[in-house]
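Please look through the structure shown here before reading on. The paragraphs below are meant to be read with it in view.

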Amino acid sequence: MTPLVQIRNLDVIFDTDRGPVRALRDVSFDVPRGKIVGVVGESGSGKSTVIWSIARLLSANGRIVGGKILFDGRNLCDLGEAALRDFRGRQASIVFQDPMTSQIPVKSYRQQIIDILYRNREQSRSQKIGHALAMMRRVGIPDSEQRIDQFPHQFSGGMRQRMGIAMALLMKPQLLMADEPTTALDVTMEAQIIHLLRSLQAEMHTTIILVSHNLGLVAELCDEVVVMYAGEVVERGPIGAVYARPAHPYTQALINSDPARVTERRRYLPTIPGDLPDVRFKQAGCIFAGRCPKAFDRCRHEEPAAHVLEEGHDARCHLLDPRQVASSSVTAASRQEGWVPVDPGSNVAATEPLVRVRDLRVSFPGRGGLASLLPGAQPAKIDVLVDVNLDLRAGETLGLVGESGSGKTTLGRCILGLIPASSGSITLRGRELTRLSEREFRPLRENMAMMFQDPVGSLSPRQSVRSLIVEPLDVHRPKGFDRDAVALKLADMVNLPRELLSRYPHQLSGGQARRVGVARALALEPDLIIADEPTAGLDVSIQGEVLNLMRDLQIAHNLTYLIISHNLPVVRHISGRLAIMYLGRIVEQGDCEAIFRRPAHPYTEALINGIPQPDPEHRRTLASIEGEVPSVAFRPRGCEFHARCRYAQARCREEPPEETVLSDGRTIRCHFPLTG
Amino acid sequence: MFHYLLKRIGLSVVIVLCALLALFLLLHLIPGDPATIALGPRATPEAIARYAAKMHLDEPILLQFQIYLFNALSGDLGVDVFSERSVTRIVLEALPSTLILAAVGLLWAALIGVPLGCISAVRPNSWFDRLTGVISVATIAIPSFLVSIWSLLVFAVILKWLPVIGAGEPGDLADQAYHLVLPAFAVGLSWVGYLARMVRASMLEVMNETYIRAAHAFGLEPRTVVFRYALKVAILPTITLIGIGFGGLLSSALFAEIIFTRPGVGKLIYDMVMNRNFPVVQGAVLITTGVYVLINLGADLVVAWLDPRVRDSL
């Protein structure tokens, strides 16, 4: 049986203001029928371009300049507009990365579905709707008869993505292409979607191409994997073989730098130094040579051919050439595998904590006025944080974990005084913060800094890097400092190349912008840094650099970190202690290692089990947690987690659990701790 | 939604009250005694005193405002100084003609401008787009009274295709439509440009959204994607703009009425200013303000009706 999709020597060019960018070069791979093929790579690898080339929906400045894409033996590059339209949706469909932006906000799902099914002329309207309802039930949307009349914004992120999958499958396409289908979702939702895709594939025998940067996700879901780098396929093969015996140095580096594989806290995360090559120009030799730790002379002059390692597994690397003399003993590879000299936070004695949060509550006003008198209206105030107790000791790293809506960012901002506390207390070195006026608070902010979530978006686009870095000093100590000297010192501190100081944020890569964010946070030499999703949006290889840098700076300056993140592997890697939030409460808090080894709260257990492991041999069979996060406006009775808890009992539905301290010092809010 | 409606209607009432107050104060700022103005320079002191008593001009100013306010709210905007007819009735009789002129002007402009903007956005930087751009800027730049005068000269006086003045025979719809062509053309012309530019800009933005790509990926017809998907989102800011720009539309309608000698609020205000018949001017301005406020409220409600996100956030 021929493969469903055969891509042969595909070349794609994007015309930009700075010249043509050769986004895909000589890309060839097959997608066998009824299989799931993962396309993996970092940003700039061209993995999404592959999908858009197959759908023939490249953006207006992109064009296919060579090669062919055979679908069922038919070359898609030769199809005209009408034939393409017939192909799209009917034979191949797409699940998009962000269901928030990929579904039209002004049309109800009923209208969108009728639009998609316009080609089924033989079906009546009610048959179409019946068909759609069956599909909605299949993807797990409850009350589908009512919900079909709703609009995308009335669905939660997870439900919206289920709807995206349902709409893509409506015409029963042979090929489903999923572009980062879970990147915009929480961990527990991600696990549910993976599980759904796998069961749908088994049931409908759809062929799937999954594009992802997440190695764990690919390992969980795919049968075969294609590894891409800078627009080229560097390695492809069956998932088990590639993960067990990665042949290309890039694949090896990518797998090694996944924080889910480096669980020891004191080890530096492996990284891939260097930047993507500029693909506007033809590269001599191997595309990865510039960043490859094993590169030798031949790599820089001669393009490597694909060398077959075993049935269906090949890689493009000179090292695999049987004629290649092993001239390059692996020398540089172990350079990064260092260990942190001291374990930060290990020497924190039982001193007075730097920050102490007690019974903190933050409420936002609900819909006030007349509307609150109407039946079914939201309560007049919505509690976003409830009874939060937290100690941050000087020099430690506390990871604050939770799904979106858990209140973790609110807590960070509340400590900084950016959001007023409704009741409770926050002290910094014993000084009460909650009742301070803005004028009294301001000098205290010198001791605290925030790293914002969006590294580029949190920088003013009209300021140069130099003025961005010294801006905190301009605000707090406007006189008597040498701007250039300070900027140079800070840039060196965060390993930011000095020539970048005169650039503007949009000219920086994600990792560089993040470094600017770190430099800004460090400018006033604070004691406490609150980092909101410090690695969100960064590639795996860059993620390691940022985390390693933060680790080094912590040791050098005795910093205290509060790391807010939904990315458990990252938090595990950097944190000494962990606090897990659910609906504005801290449900478990304690030593990071102990919690990962043996979670006490069922929610923690579910989160930890929800991490996709980059190991195709150990796939999970069940989604770790069902259901969705309830709204903070309508809190469930009793323990707020009971509806999603596997272990819930009658008592959990009635009585909210108090905060209790376990024998190993963790605090937990659960009637039946798993360790007890 | 209910809450939002209440709030918006309350706000509208406040705006109308402010207009009332401004008009009232304006009258008191005008030098001279209203009674003298009303009765003319040769009025006897007795007549003036009688008139002042009748119009409550001898009461304290606050009481005067109160009387004015309550009269206005109960629909009594006073009487025509000359004919003694109710101002409310006079203005409301003139209003439909003006509203029809404005609506027809806007309608033809929308029928041309919106598709022009759409097609320009689908083919950006094509010759069509460039030509539309030039025409749009040109129509925006020409003041509407110039368009009125020139179209009157060209089509009515020189070519004699269309009537010069008047609104047509009452009761004869065809004749009325015939008389409406030139004024509506003059009123709407600059809106062709406005709408084409506005729709093009917001269409260009929307066409880059992922959901448009998704619609293509589901194999929808390009026409469906452009007009039923992209335009449905892109038209929302345009509707708000029409609401805000309606004031400008009314003022071009006033010019057109004066130039084409059509009956309407514009003609009424012009004639009454010339005759120094201030109660009518005041009433006409007040009612026009009310219409403007209502149209804006309507535009916002239409947006809320079309955009479920707005509807739910109200």
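For the complex, the predictor gives an ipTM of 0.83 together with a pTM of 0.85. Chain B has a mean pLDDT of 85, and 97% of its residues reach 70 or more. Within chain B, the highest confidence belongs to helix H9(B), at 93, while the lowest is found in helix H2 (residues 34-39), at a mean of 71. Where pLDDT is low, the predicted coordinates should not be read in detail.

The two chains meet in a contact to which chain A contributes 25 residues and chain B contributes 22 residues. On the side of chain B that touches chain A, at least two residues each come from helix H1 (2-29), helix H9 (210-217), helix H10 (222-260) and helix H13 (308-313) of chain B. H9(B) gives the most to this side, with 6 residues. Sorted by class, the side of chain B that touches chain A holds 11 nonpolar, 5 polar and 6 charged residues.

Turning to chain A, the reader can trace an open sheet of 8 strands with mixed pairing, in the order E6-E7-E8-E3-E9-E10-E12-E11. Strand E6 (92-95) and strand E11 (306-310) of chain A stand at its edges, and because each has a single partner strand, one side of each is left without a neighbour in the sheet. On average, and with direction ignored, neighbouring strands of this sheet are turned by 20° against each other.

The domain assignment of chain A gives domain 1, covering 103-172, and domain 2, covering 355-454 + 525-668. The C-alpha centres of domain 1 of chain A and domain 2 of chain A lie 35 Å apart.

Although B:Ile287 and B:Leu95 are 192 residues apart in sequence, their C-alpha atoms are 8.8 Å apart in space.

Methods
Residues numbered from 1 in each chain as written. Chains lettered and ligands numbered in written order. Predicted model: local features only at pLDDT ≥ 70, side-chain atom pairs only at ≥ 80, totals over all residues. Contact = placed C-beta atoms within 7 Å. Helix = DSSP H or I, 4+ residues; strand = E, 2+ residues; numbered from the N terminus. Nonpolar A, V, L, I, M, F, W, Y, C, P; charged D, E, K, R; others polar. Pairing = 2+ DSSP bridges. Axes fitted to C-alpha atoms, helices over the stretch in contact; angles between N-to-C directions. Domains from an automatic or database assignment. pLDDT = per-residue confidence, 0-100.
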